[in-house]
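Please look over the sequence and the structure below before reading on.

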Amino acid sequence: MEFKFEGLSIYEAFKKGRELRPKEAAIWFEGRQISFNKTDALIDKFAAILHNTLGICKGDILLVAQPNIPQAVFFFYAINKIGAVANFVHPLTPFNQMKAIMESNDVKYAFLFEQAVSKEHEKYESIKDKIFITRVETYLSPFKKWGYHLFYNGKVRKSLKGFTYFDDLSCDSLETETVTSWANETAVILHSGSTTGDPKVICLSNTNVNFIAAHGEEYCCVDFSSLKREGLLSVLPSFHGFGLVMTIHTPLTNGFATVQIPDFSPKAVTKAINSYPMLVICGVPNMYARLLQYKPFRKCKGLKNLHVAWCGGDVLPQALKEDFDKVCRDNGSKYGALYEGYGLTEAVTATILNTHDHHCEGAIGYPGSGVEVKIVDENRKEVPLGETGELATRSLANMVGYYKDEDATKACIDEEGWLYTGDLASMNEEGFVFFKQRIKRVIKISGVAIFPSEVEKHIETIKGVREVCAISIPSKKTGVGIKVFVVGSYSDEEAMRDTILVSCQQNLIRWAVPQEIEFRKSLPHTMIGKVDYKVLQQEEDEKRKINN
(Lines give C-alpha, C1' and ligand atoms only; values in the text may rest on other atoms or scores of the structure.)
Protein backbone atom coordinates (compact mmCIF):
# COMPACT_ATOMS: atom_id res chain seq x y z
CA MET A 1 0.00 0.00 0.00
CA GLU A 2 1.06 3.60 -0.52
CA PHE A 3 1.63 6.06 2.31
CA LYS A 4 2.90 9.62 2.39
CA PHE A 5 6.51 8.79 3.34
CA GLU A 6 6.78 5.81 1.01
CA GLY A 7 10.27 5.32 -0.40
CA LEU A 8 11.84 7.90 1.91
CA SER A 9 14.51 7.46 4.55
CA ILE A 10 13.79 8.44 8.16
CA TYR A 11 15.84 11.62 7.66
CA GLU A 12 14.00 12.50 4.46
CA ALA A 13 10.68 12.12 6.29
CA PHE A 14 11.94 14.57 8.93
CA LYS A 15 12.72 17.07 6.17
CA LYS A 16 9.07 16.87 5.08
CA GLY A 17 8.02 17.85 8.60
CA ARG A 18 10.49 20.72 8.67
CA GLU A 19 9.04 22.15 5.46
CA LEU A 20 5.64 22.50 7.14
CA ARG A 21 6.73 24.80 9.99
CA PRO A 22 10.41 25.71 9.67
CA LYS A 23 10.33 28.50 12.28
CA GLU A 24 8.13 26.73 14.84
CA ALA A 25 9.41 24.62 17.73
CA ALA A 26 10.57 21.10 16.89
CA ILE A 27 11.96 20.34 20.35
CA TRP A 28 10.82 21.71 23.69
CA PHE A 29 13.35 20.83 26.38
CA GLU A 30 13.33 22.12 29.96
CA GLY A 31 11.75 25.43 28.93
CA ARG A 32 13.93 25.96 25.85
CA GLN A 33 12.49 25.73 22.34
CA ILE A 34 14.59 24.60 19.38
CA SER A 35 13.02 25.38 16.01
CA PHE A 36 12.77 23.02 13.05
CA ASN A 37 15.39 25.13 11.22
CA LYS A 38 17.80 24.95 14.15
CA THR A 39 17.13 21.24 14.64
CA ASP A 40 17.83 20.65 10.94
CA ALA A 41 21.11 22.57 11.18
CA LEU A 42 22.22 20.61 14.25
CA ILE A 43 21.35 17.31 12.57
CA ASP A 44 23.52 18.34 9.63
CA LYS A 45 26.35 19.25 12.02
CA PHE A 46 26.11 15.90 13.81
CA ALA A 47 26.03 14.08 10.46
CA ALA A 48 29.14 15.94 9.28
CA ILE A 49 31.07 15.05 12.44
CA LEU A 50 30.00 11.41 12.19
CA HIS A 51 30.96 11.09 8.52
CA ASN A 52 33.77 13.58 7.97
CA THR A 53 35.53 13.38 11.35
CA LEU A 54 34.83 9.86 12.57
CA GLY A 55 34.71 8.22 9.15
CA ILE A 56 31.34 6.58 9.63
CA CYS A 57 29.83 5.22 6.41
CA LYS A 58 26.66 3.58 5.16
CA GLY A 59 25.89 0.37 7.00
CA ASP A 60 28.04 1.09 10.07
CA ILE A 61 26.24 0.37 13.35
CA LEU A 62 26.32 3.08 16.01
CA LEU A 63 25.04 2.60 19.54
CA VAL A 64 22.99 5.44 21.01
CA ALA A 65 22.26 5.34 24.76
CA GLN A 66 20.71 8.69 25.66
CA PRO A 67 17.93 9.89 27.95
CA ASN A 68 15.22 12.12 26.46
CA ILE A 69 17.49 15.02 25.59
CA PRO A 70 17.93 16.81 22.24
CA GLN A 71 21.06 14.82 21.37
CA ALA A 72 18.93 11.66 21.09
CA VAL A 73 16.96 13.39 18.31
CA PHE A 74 20.05 14.76 16.53
CA PHE A 75 21.83 11.38 16.57
CA PHE A 76 18.71 9.57 15.32
CA TYR A 77 18.39 11.67 12.18
CA ALA A 78 22.09 12.37 11.60
CA ILE A 79 22.94 8.66 11.66
CA ASN A 80 20.13 8.01 9.21
CA LYS A 81 21.17 10.86 6.91
CA ILE A 82 24.55 9.20 6.23
CA GLY A 83 23.03 5.72 5.87
CA ALA A 84 24.36 4.27 9.13
CA VAL A 85 22.30 2.15 11.54
CA ALA A 86 21.18 3.46 14.94
CA ASN A 87 21.22 0.85 17.71
CA PHE A 88 19.24 2.33 20.62
CA VAL A 89 20.01 1.05 24.14
CA HIS A 90 18.86 2.08 27.63
CA PRO A 91 21.17 4.91 28.82
CA LEU A 92 21.67 3.32 32.25
CA THR A 93 22.66 -0.11 30.93
CA PRO A 94 25.53 -1.48 33.10
CA PHE A 95 29.00 -1.60 31.54
CA ASN A 96 29.18 -5.39 31.17
CA GLN A 97 25.90 -5.48 29.23
CA MET A 98 26.85 -2.41 27.20
CA LYS A 99 30.15 -3.95 26.17
CA ALA A 100 28.45 -7.26 25.29
CA ILE A 101 25.91 -5.44 23.11
CA MET A 102 28.65 -3.50 21.35
CA GLU A 103 30.51 -6.71 20.57
CA SER A 104 27.55 -8.87 19.54
CA ASN A 105 25.94 -6.11 17.44
CA ASP A 106 29.17 -5.15 15.64
CA VAL A 107 29.00 -1.58 16.95
CA LYS A 108 31.62 0.78 15.53
CA TYR A 109 31.14 3.60 18.06
CA ALA A 110 28.86 4.28 21.01
CA PHE A 111 27.41 7.62 22.11
CA LEU A 112 26.80 7.44 25.82
CA PHE A 113 25.36 9.57 28.58
CA GLU A 114 27.83 11.33 30.90
CA GLN A 115 26.29 10.34 34.24
CA ALA A 116 26.03 6.68 33.23
CA VAL A 117 29.67 6.41 32.16
CA SER A 118 30.93 8.23 35.27
CA LYS A 119 29.41 5.57 37.53
CA GLU A 120 31.65 2.90 36.00
CA HIS A 121 34.39 5.06 34.48
CA GLU A 122 37.18 2.68 35.51
CA LYS A 123 35.59 -0.14 33.50
CA TYR A 124 34.90 2.13 30.51
CA GLU A 125 38.62 2.99 30.35
CA SER A 126 39.14 -0.28 28.45
CA ILE A 127 36.91 0.84 25.54
CA LYS A 128 37.12 4.63 25.75
CA ASP A 129 38.45 4.84 22.17
CA LYS A 130 35.06 3.46 21.07
CA ILE A 131 32.82 5.83 23.00
CA PHE A 132 31.86 9.51 22.90
CA ILE A 133 30.07 11.21 25.76
CA THR A 134 27.18 13.69 25.80
CA ARG A 135 26.26 16.32 28.40
CA VAL A 136 22.71 16.92 29.59
CA GLU A 137 23.23 20.68 29.93
CA THR A 138 24.43 21.33 26.38
CA TYR A 139 20.99 22.45 25.18
CA LEU A 140 19.65 23.89 28.43
CA SER A 141 18.98 27.61 28.79
CA PRO A 142 22.04 29.57 30.07
CA PHE A 143 20.64 29.87 33.60
CA LYS A 144 19.72 26.18 33.89
CA LYS A 145 23.04 25.21 32.34
CA TRP A 146 24.89 27.18 35.01
CA GLY A 147 22.82 25.59 37.78
CA TYR A 148 23.25 22.07 36.42
CA HIS A 149 26.99 22.50 36.00
CA LEU A 150 27.35 23.87 39.53
CA PHE A 151 25.29 21.12 41.14
CA TYR A 152 26.34 18.01 39.20
CA ASN A 153 29.38 18.27 37.06
CA GLY A 154 32.49 18.83 39.18
CA LYS A 155 32.88 15.26 40.40
CA VAL A 156 31.51 13.74 37.18
CA ARG A 157 33.89 15.67 34.91
CA LYS A 158 36.87 14.80 37.07
CA SER A 159 36.11 11.09 36.82
CA LEU A 160 35.88 11.32 33.02
CA LYS A 161 39.20 13.03 32.41
CA GLY A 162 40.72 11.54 29.26
CA PHE A 163 37.36 10.55 27.74
CA THR A 164 36.16 12.28 24.56
CA TYR A 165 33.06 14.47 24.66
CA PHE A 166 31.04 14.70 21.48
CA ASP A 167 30.69 18.46 22.02
CA ASP A 168 34.46 18.78 21.62
CA LEU A 169 34.52 17.23 18.14
CA SER A 170 34.57 19.42 15.05
CA CYS A 171 35.04 19.04 11.31
CA ASP A 172 36.42 21.12 8.46
CA SER A 173 33.29 20.80 6.35
CA LEU A 174 29.62 20.59 7.32
CA GLU A 175 28.71 19.18 3.92
CA THR A 176 27.53 15.56 3.75
CA GLU A 177 25.47 13.77 1.15
CA THR A 178 22.08 12.38 2.11
CA VAL A 179 21.90 8.64 1.49
CA THR A 180 18.75 7.84 -0.48
CA SER A 181 17.03 4.77 -1.94
CA TRP A 182 17.44 2.55 1.09
CA ALA A 183 13.87 2.62 2.39
CA ASN A 184 13.64 -1.13 2.97
CA GLU A 185 17.09 -1.65 4.47
CA THR A 186 17.77 -1.87 8.21
CA ALA A 187 17.98 1.63 9.69
CA VAL A 188 17.25 1.06 13.39
CA ILE A 189 18.11 -1.73 15.81
CA LEU A 190 16.10 -2.14 19.03
CA HIS A 191 16.12 -4.75 21.78
CA SER A 192 13.10 -6.71 22.97
CA GLY A 193 11.88 -9.86 24.66
CA SER A 194 10.77 -11.16 21.23
CA THR A 195 7.58 -13.05 20.38
CA THR A 196 8.81 -16.06 22.40
CA GLY A 197 10.00 -14.16 25.46
CA ASP A 198 13.71 -14.68 24.73
CA PRO A 199 15.89 -11.55 24.33
CA LYS A 200 16.24 -10.60 20.66
CA VAL A 201 17.75 -7.81 18.59
CA ILE A 202 15.19 -6.38 16.17
CA CYS A 203 16.03 -4.79 12.82
CA LEU A 204 13.64 -2.11 11.54
CA SER A 205 13.74 -0.46 8.14
CA ASN A 206 13.09 3.15 7.16
CA THR A 207 9.74 1.99 5.78
CA ASN A 208 8.80 0.27 9.07
CA VAL A 209 9.44 3.44 11.06
CA ASN A 210 7.92 5.84 8.53
CA PHE A 211 4.75 3.77 8.17
CA ILE A 212 3.80 4.50 11.79
CA ALA A 213 4.58 8.23 11.48
CA ALA A 214 2.59 8.46 8.25
CA HIS A 215 -0.54 7.43 10.16
CA GLY A 216 -0.03 9.98 12.91
CA GLU A 217 -3.25 11.87 12.20
CA GLU A 218 -5.28 8.68 12.66
CA TYR A 219 -3.45 7.72 15.84
CA CYS A 220 -3.53 11.23 17.34
CA CYS A 221 -7.18 11.77 16.38
CA VAL A 222 -6.51 15.20 14.85
CA ASP A 223 -6.10 16.95 11.51
CA PHE A 224 -2.45 18.01 11.51
CA SER A 225 -3.10 20.85 9.06
CA SER A 226 -4.96 22.66 11.86
CA LEU A 227 -1.96 22.66 14.20
CA LYS A 228 -0.08 25.81 15.15
CA ARG A 229 2.47 25.15 17.90
CA GLU A 230 1.22 22.06 19.70
CA GLY A 231 3.44 19.31 21.09
CA LEU A 232 3.51 15.62 21.91
CA LEU A 233 4.89 14.61 25.29
CA SER A 234 8.07 12.53 25.01
CA VAL A 235 8.65 10.90 28.37
CA LEU A 236 8.97 7.32 27.13
CA PRO A 237 12.54 6.22 26.42
CA SER A 238 14.01 6.40 22.92
CA PHE A 239 15.39 2.86 23.22
CA HIS A 240 11.81 1.60 22.93
CA GLY A 241 9.77 1.74 19.72
CA PHE A 242 6.81 3.45 21.39
CA GLY A 243 9.03 6.27 22.63
CA LEU A 244 11.26 6.64 19.58
CA VAL A 245 8.67 6.49 16.85
CA MET A 246 5.46 7.73 18.44
CA THR A 247 6.86 10.52 20.63
CA ILE A 248 9.80 11.71 18.50
CA HIS A 249 9.48 10.67 14.86
CA THR A 250 5.70 11.04 14.49
CA PRO A 251 5.47 14.67 15.67
CA LEU A 252 8.64 15.82 13.90
CA THR A 253 7.72 14.35 10.52
CA ASN A 254 4.27 15.91 10.77
CA GLY A 255 5.43 19.40 11.71
CA PHE A 256 4.84 19.68 15.45
CA ALA A 257 7.02 19.49 18.54
CA THR A 258 8.35 16.69 20.69
CA VAL A 259 8.26 17.86 24.32
CA GLN A 260 11.13 16.07 26.04
CA ILE A 261 11.15 15.02 29.69
CA PRO A 262 14.56 13.44 30.46
CA ASP A 263 13.53 11.92 33.79
CA PHE A 264 9.88 11.12 34.47
CA SER A 265 8.23 12.66 37.50
CA PRO A 266 4.61 13.74 37.98
CA LYS A 267 5.86 17.24 38.80
CA ALA A 268 7.90 17.55 35.59
CA VAL A 269 5.05 16.25 33.42
CA THR A 270 2.48 18.53 35.04
CA LYS A 271 4.76 21.53 34.57
CA ALA A 272 5.31 20.66 30.89
CA ILE A 273 1.58 20.28 30.22
CA ASN A 274 0.89 23.65 31.84
CA SER A 275 3.76 25.31 29.94
CA TYR A 276 3.17 24.02 26.42
CA PRO A 277 -0.05 23.22 24.49
CA MET A 278 0.10 19.43 24.75
CA LEU A 279 -1.78 17.64 22.00
CA VAL A 280 -0.93 14.02 22.84
CA ILE A 281 0.55 12.09 25.77
CA CYS A 282 2.03 8.60 25.42
CA GLY A 283 2.78 6.46 28.44
CA VAL A 284 2.41 3.20 30.32
CA PRO A 285 -0.13 2.35 33.08
CA ASN A 286 2.30 2.94 35.92
CA MET A 287 3.05 6.45 34.62
CA TYR A 288 -0.62 7.41 34.47
CA ALA A 289 -1.25 5.93 37.91
CA ARG A 290 1.53 8.05 39.39
CA LEU A 291 0.22 11.17 37.65
CA LEU A 292 -3.24 10.65 39.08
CA GLN A 293 -1.81 10.27 42.59
CA TYR A 294 -0.17 13.71 42.24
CA LYS A 295 -2.69 16.32 43.38
CA PRO A 296 -1.41 19.22 41.18
CA PHE A 297 -1.89 17.04 38.09
CA ARG A 298 -5.56 16.57 38.94
CA LYS A 299 -5.91 20.36 38.71
CA CYS A 300 -3.71 20.75 35.63
CA LYS A 301 -5.41 23.41 33.48
CA GLY A 302 -3.11 22.62 30.55
CA LEU A 303 -5.09 19.40 30.05
CA LYS A 304 -7.71 21.51 28.24
CA ASN A 305 -5.47 21.27 25.13
CA LEU A 306 -5.27 17.49 25.22
CA HIS A 307 -6.75 15.56 22.27
CA VAL A 308 -5.79 12.05 23.31
CA ALA A 309 -3.56 10.07 25.65
CA TRP A 310 -2.14 6.67 24.76
CA CYS A 311 -1.39 3.77 27.05
CA GLY A 312 0.75 0.86 25.93
CA GLY A 313 3.26 -1.61 27.31
CA ASP A 314 0.83 -3.29 29.70
CA VAL A 315 -2.89 -3.83 30.32
CA LEU A 316 -4.78 -0.61 31.10
CA PRO A 317 -7.12 -1.02 34.11
CA GLN A 318 -10.61 0.33 33.34
CA ALA A 319 -10.72 2.25 36.63
CA LEU A 320 -7.48 4.02 35.72
CA LYS A 321 -8.88 5.04 32.33
CA GLU A 322 -12.11 6.35 33.83
CA ASP A 323 -10.26 8.39 36.46
CA PHE A 324 -7.90 9.92 33.87
CA ASP A 325 -10.78 10.79 31.53
CA LYS A 326 -12.63 12.47 34.39
CA VAL A 327 -9.58 14.56 35.31
CA CYS A 328 -9.30 15.68 31.66
CA ARG A 329 -12.97 16.66 31.54
CA ASP A 330 -12.75 18.45 34.89
CA ASN A 331 -9.93 20.58 33.48
CA GLY A 332 -11.75 21.56 30.31
CA SER A 333 -10.59 18.99 27.76
CA LYS A 334 -13.17 18.52 25.03
CA TYR A 335 -11.50 15.47 23.49
CA GLY A 336 -9.05 14.15 26.07
CA ALA A 337 -9.39 10.43 26.65
CA LEU A 338 -6.98 7.70 27.68
CA TYR A 339 -6.98 4.89 25.13
CA GLU A 340 -5.29 1.53 25.13
CA GLY A 341 -3.22 0.42 22.19
CA TYR A 342 -1.29 -2.71 21.30
CA GLY A 343 2.00 -3.17 19.57
CA LEU A 344 5.29 -4.99 19.74
CA THR A 345 8.79 -3.94 18.76
CA GLU A 346 8.77 -6.42 15.88
CA ALA A 347 6.15 -4.09 14.33
CA VAL A 348 7.77 -0.89 15.69
CA THR A 349 4.98 0.12 18.09
CA ALA A 350 1.17 0.31 18.25
CA THR A 351 -0.63 -0.96 15.15
CA ILE A 352 -3.86 -1.94 16.93
CA LEU A 353 -5.44 0.83 18.96
CA ASN A 354 -8.55 2.57 20.20
CA THR A 355 -9.27 6.02 18.80
CA HIS A 356 -12.10 8.55 18.93
CA ASP A 357 -13.55 6.88 15.82
CA HIS A 358 -13.01 3.27 16.89
CA HIS A 359 -13.06 2.32 20.55
CA CYS A 360 -14.51 -0.48 22.59
CA GLU A 361 -14.35 -1.05 26.33
CA GLY A 362 -12.05 -3.94 27.23
CA ALA A 363 -10.46 -4.11 23.77
CA ILE A 364 -6.81 -3.36 23.08
CA GLY A 365 -8.00 -1.70 19.90
CA TYR A 366 -8.93 -1.81 16.27
CA PRO A 367 -6.42 -2.42 13.45
CA GLY A 368 -4.98 0.84 12.11
CA SER A 369 -5.13 1.68 8.41
CA GLY A 370 -3.00 -0.68 6.38
CA VAL A 371 -2.85 -3.25 9.19
CA GLU A 372 -4.34 -6.74 8.82
CA VAL A 373 -5.13 -8.93 11.82
CA LYS A 374 -6.10 -12.56 12.27
CA ILE A 375 -6.39 -15.01 15.17
CA VAL A 376 -4.95 -18.49 14.59
CA ASP A 377 -4.70 -21.86 16.29
CA GLU A 378 -1.50 -23.84 16.98
CA ASN A 379 -1.35 -24.86 13.31
CA ARG A 380 -1.70 -21.20 12.26
CA LYS A 381 -5.19 -21.74 10.87
CA GLU A 382 -7.73 -18.98 11.51
CA VAL A 383 -10.18 -19.60 14.33
CA PRO A 384 -13.84 -18.46 14.35
CA LEU A 385 -14.62 -14.95 15.60
CA GLY A 386 -14.77 -14.81 19.38
CA GLU A 387 -12.43 -17.74 19.93
CA THR A 388 -9.01 -17.35 21.54
CA GLY A 389 -5.85 -18.00 19.57
CA GLU A 390 -2.52 -16.45 18.67
CA LEU A 391 -2.65 -12.90 17.33
CA ALA A 392 -0.99 -12.35 13.95
CA THR A 393 -0.57 -9.03 12.13
CA ARG A 394 0.56 -7.99 8.67
CA SER A 395 1.57 -4.46 7.64
CA LEU A 396 4.47 -2.38 6.37
CA ALA A 397 5.48 -1.95 10.02
CA ASN A 398 6.61 -5.58 10.29
CA MET A 399 10.35 -5.78 10.96
CA VAL A 400 13.13 -6.76 8.57
CA GLY A 401 14.01 -9.53 10.99
CA TYR A 402 16.04 -10.49 14.06
CA TYR A 403 19.70 -9.49 13.87
CA LYS A 404 21.81 -12.40 12.59
CA ASP A 405 19.09 -14.90 13.48
CA GLU A 406 17.44 -16.19 10.33
CA ASP A 407 15.83 -19.19 12.04
CA ALA A 408 14.10 -17.03 14.67
CA THR A 409 12.96 -14.62 11.94
CA LYS A 410 11.41 -17.42 9.89
CA ALA A 411 9.68 -18.80 12.98
CA CYS A 412 8.13 -15.39 13.64
CA ILE A 413 7.25 -14.17 10.12
CA ASP A 414 5.87 -16.51 7.43
CA GLU A 415 6.30 -16.32 3.66
CA GLU A 416 3.08 -14.31 3.29
CA GLY A 417 4.36 -11.62 5.65
CA TRP A 418 2.26 -12.51 8.71
CA LEU A 419 3.95 -11.71 12.02
CA TYR A 420 3.00 -14.16 14.79
CA THR A 421 3.08 -12.19 18.01
CA GLY A 422 3.21 -14.84 20.71
CA ASP A 423 0.16 -13.22 22.31
CA LEU A 424 -3.22 -14.82 22.86
CA ALA A 425 -6.24 -12.74 21.82
CA SER A 426 -9.71 -12.90 20.34
CA MET A 427 -11.55 -10.70 17.84
CA ASN A 428 -15.23 -9.78 17.71
CA GLU A 429 -17.45 -9.26 14.67
CA GLU A 430 -16.67 -5.54 14.54
CA GLY A 431 -12.94 -6.21 14.29
CA PHE A 432 -11.94 -5.17 17.82
CA VAL A 433 -9.14 -7.21 19.38
CA PHE A 434 -9.18 -8.42 22.99
CA PHE A 435 -5.87 -9.34 24.61
CA LYS A 436 -5.72 -12.47 26.75
CA GLN A 437 -2.14 -13.26 27.66
CA ARG A 438 1.39 -13.82 26.44
CA ILE A 439 1.50 -17.47 25.35
CA LYS A 440 4.63 -18.02 27.43
CA ARG A 441 2.86 -16.75 30.55
CA VAL A 442 -0.17 -19.07 30.57
CA ILE A 443 -0.39 -21.05 33.82
CA LYS A 444 -1.92 -24.51 33.52
CA ILE A 445 -3.83 -25.57 36.65
CA SER A 446 -5.49 -29.00 36.60
CA GLY A 447 -5.32 -28.82 32.80
CA VAL A 448 -7.10 -25.45 32.72
CA ALA A 449 -5.29 -22.51 31.08
CA ILE A 450 -5.25 -19.56 33.50
CA PHE A 451 -4.22 -16.13 32.24
CA PRO A 452 -2.50 -14.10 35.00
CA SER A 453 -3.49 -10.88 33.23
CA GLU A 454 -7.19 -11.71 33.71
CA VAL A 455 -6.63 -12.29 37.44
CA GLU A 456 -4.72 -9.02 37.66
CA LYS A 457 -7.31 -7.10 35.66
CA HIS A 458 -10.11 -8.23 37.97
CA ILE A 459 -8.29 -7.50 41.23
CA GLU A 460 -7.37 -4.02 39.93
CA THR A 461 -11.09 -3.19 39.88
CA ILE A 462 -11.31 -3.60 43.66
CA LYS A 463 -11.37 -0.29 45.52
CA GLY A 464 -8.05 0.52 47.15
CA VAL A 465 -5.94 -1.67 44.85
CA ARG A 466 -3.34 0.21 42.81
CA GLU A 467 -1.18 -2.52 41.32
CA VAL A 468 -1.27 -6.31 41.06
CA CYS A 469 0.95 -9.08 39.77
CA ALA A 470 0.03 -12.78 39.59
CA ILE A 471 2.55 -15.62 39.44
CA SER A 472 2.51 -19.41 39.78
CA ILE A 473 3.34 -21.34 42.94
CA PRO A 474 3.33 -25.04 43.88
CA SER A 475 0.06 -26.29 45.38
CA LYS A 476 -0.73 -29.45 47.33
CA LYS A 477 -4.34 -29.22 46.16
CA THR A 478 -3.93 -28.62 42.42
CA GLY A 479 -0.22 -29.06 41.71
CA VAL A 480 0.07 -25.43 40.64
CA GLY A 481 -1.71 -22.41 42.09
CA ILE A 482 -1.87 -18.62 41.81
CA LYS A 483 -0.20 -16.12 44.11
CA VAL A 484 -0.81 -12.39 43.78
CA PHE A 485 1.24 -9.44 44.97
CA VAL A 486 -0.86 -6.38 45.75
CA VAL A 487 -0.03 -2.71 46.25
CA GLY A 488 -2.82 -0.53 47.55
CA SER A 489 -4.27 1.69 50.23
CA TYR A 490 -6.03 -0.05 53.11
CA SER A 491 -6.21 0.22 56.89
CA ASP A 492 -6.81 -3.46 57.63
CA GLU A 493 -4.69 -5.96 55.69
CA GLU A 494 -6.75 -8.99 56.68
CA ALA A 495 -10.01 -7.29 55.70
CA MET A 496 -8.48 -6.36 52.34
CA ARG A 497 -7.32 -9.96 51.86
CA ASP A 498 -10.85 -11.21 52.53
CA THR A 499 -12.32 -8.65 50.13
CA ILE A 500 -10.00 -9.77 47.34
CA LEU A 501 -10.63 -13.46 47.91
CA VAL A 502 -14.42 -13.09 48.04
CA SER A 503 -14.44 -10.97 44.89
CA CYS A 504 -12.24 -13.48 43.04
CA GLN A 505 -14.39 -16.40 44.20
CA GLN A 506 -17.48 -14.63 42.89
CA ASN A 507 -16.03 -13.51 39.57
CA LEU A 508 -13.27 -15.91 38.48
CA ILE A 509 -13.22 -19.63 37.78
CA ARG A 510 -12.07 -21.51 40.83
CA TRP A 511 -8.60 -22.39 39.45
CA ALA A 512 -7.89 -18.67 39.00
CA VAL A 513 -8.71 -17.72 42.62
CA PRO A 514 -5.42 -16.81 44.37
CA GLN A 515 -4.23 -19.33 46.91
CA GLU A 516 -1.88 -16.75 48.42
CA ILE A 517 -1.93 -12.95 48.63
CA GLU A 518 1.10 -10.88 49.59
CA PHE A 519 0.85 -7.14 50.22
CA ARG A 520 3.77 -4.92 49.30
CA LYS A 521 4.54 -1.21 49.28
CA SER A 522 5.77 -1.41 45.67
CA LEU A 523 6.42 -3.87 42.84
CA PRO A 524 9.47 -4.14 40.58
CA HIS A 525 9.16 -2.63 37.10
CA THR A 526 10.97 -3.12 33.83
CA MET A 527 12.82 -0.26 32.14
CA ILE A 528 9.67 0.80 30.30
CA GLY A 529 7.41 0.73 33.35
CA LYS A 530 5.76 -2.70 33.13
CA VAL A 531 5.38 -4.71 36.32
CA ASP A 532 8.27 -7.15 36.14
CA TYR A 533 6.54 -10.45 36.89
CA LYS A 534 9.75 -12.35 36.06
CA VAL A 535 11.54 -10.77 39.04
CA LEU A 536 8.68 -11.69 41.38
CA GLN A 537 8.52 -15.23 39.99
CA GLN A 538 12.25 -15.66 40.44
CA GLU A 539 12.14 -14.32 44.01
CA GLU A 540 9.33 -16.68 44.88
CA ASP A 541 11.03 -19.68 43.26
CA GLU A 542 14.25 -18.97 45.14
CA LYS A 543 12.37 -18.58 48.43
CA ARG A 544 10.70 -21.96 47.83
CA LYS A 545 13.96 -23.47 46.53
CA ILE A 546 12.42 -24.34 43.19
CA ASN A 547 14.90 -25.04 40.40
CA ASN A 548 13.65 -23.99 36.96
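The structure holds 22 aromatic pairs. It is a predicted model.

**Trp28 and Tyr276**
- The ring centres of Trp28 and Tyr276 are 5.6 Å apart and the planes stand at 50 degrees, so this pair is tilted; planes under 30 degrees apart would count as stacked and those over 60 as edge-to-face.
- Trp28 counts as buried because its relative accessibility is 8%.
- Tyr276 also counts as buried, with a relative accessibility of 2%.

**Phe224 and Phe256**
- For Phe224 and Phe256, a plane angle of 50 degrees with centres 5.0 Å apart makes the pair tilted.
- Phe224 sits in the loop between helix H9 (216-220) and strand S9 (231-234), and Phe256 in the loop between helix H10 (241-253) and strand S10 (257-260), so the pair ties together parts 32 residues apart in sequence.
- Phe224 and Phe256 are both buried.

**Ring cluster**
- Phe46, Phe74, Phe75, Tyr109, Phe111, Phe132, Tyr139 and Phe166 are joined by ring pairs into a cluster.

**Positive surface patch**
- Lys295, Lys299, Lys301 and Lys304 form a positive surface patch.
- Lys299 is located in the loop between helix H13 (295-298) and strand S12 (308-311).
- The relative accessibility of Lys299 is 67%, so Lys299 counts as exposed.

Notes. Residues are numbered from 1 along each chain as its sequence is written. This is a predicted model: local features need pLDDT of at least 70, side-chain atom pairs count only at pLDDT 80 or more; totals for chains, interfaces and linings use all residues. Side-chain values use heavy atoms; hydrogens and water are left out. Patches are made of residues with over 30% relative accessible area and no salt bridge: like charges are joined within 9 Å, nonpolar side chains (Val, Leu, Ile, Met, Phe, Trp, Tyr) within 5 Å. Accessible areas come from the Shrake-Rupley method with a 1.4 Å probe; for residues, only the protein chains shown count as cover. A salt bridge is a side-chain nitrogen of Lys or Arg within 4 Å of a carboxyl oxygen of Asp or Glu. Lys and Arg count as positive and Asp and Glu as negative; His and the chain ends are not counted. The place of a charge is taken as NZ of Lys, CZ of Arg, CG of Asp or CD of Glu. Helices (H or I, at least four residues) and strands (E, at least two) are DSSP runs, numbered from the N terminus. Buried means under 20% relative accessible area, exposed over 50%, partly exposed in between (1.4 Å probe, protein chains only). Rings of Phe, Tyr and Trp (its six-membered ring) pair if their centres lie within 6.5 Å; planes under 30 degrees apart count as stacked, over 60 as edge-to-face and the rest as tilted.
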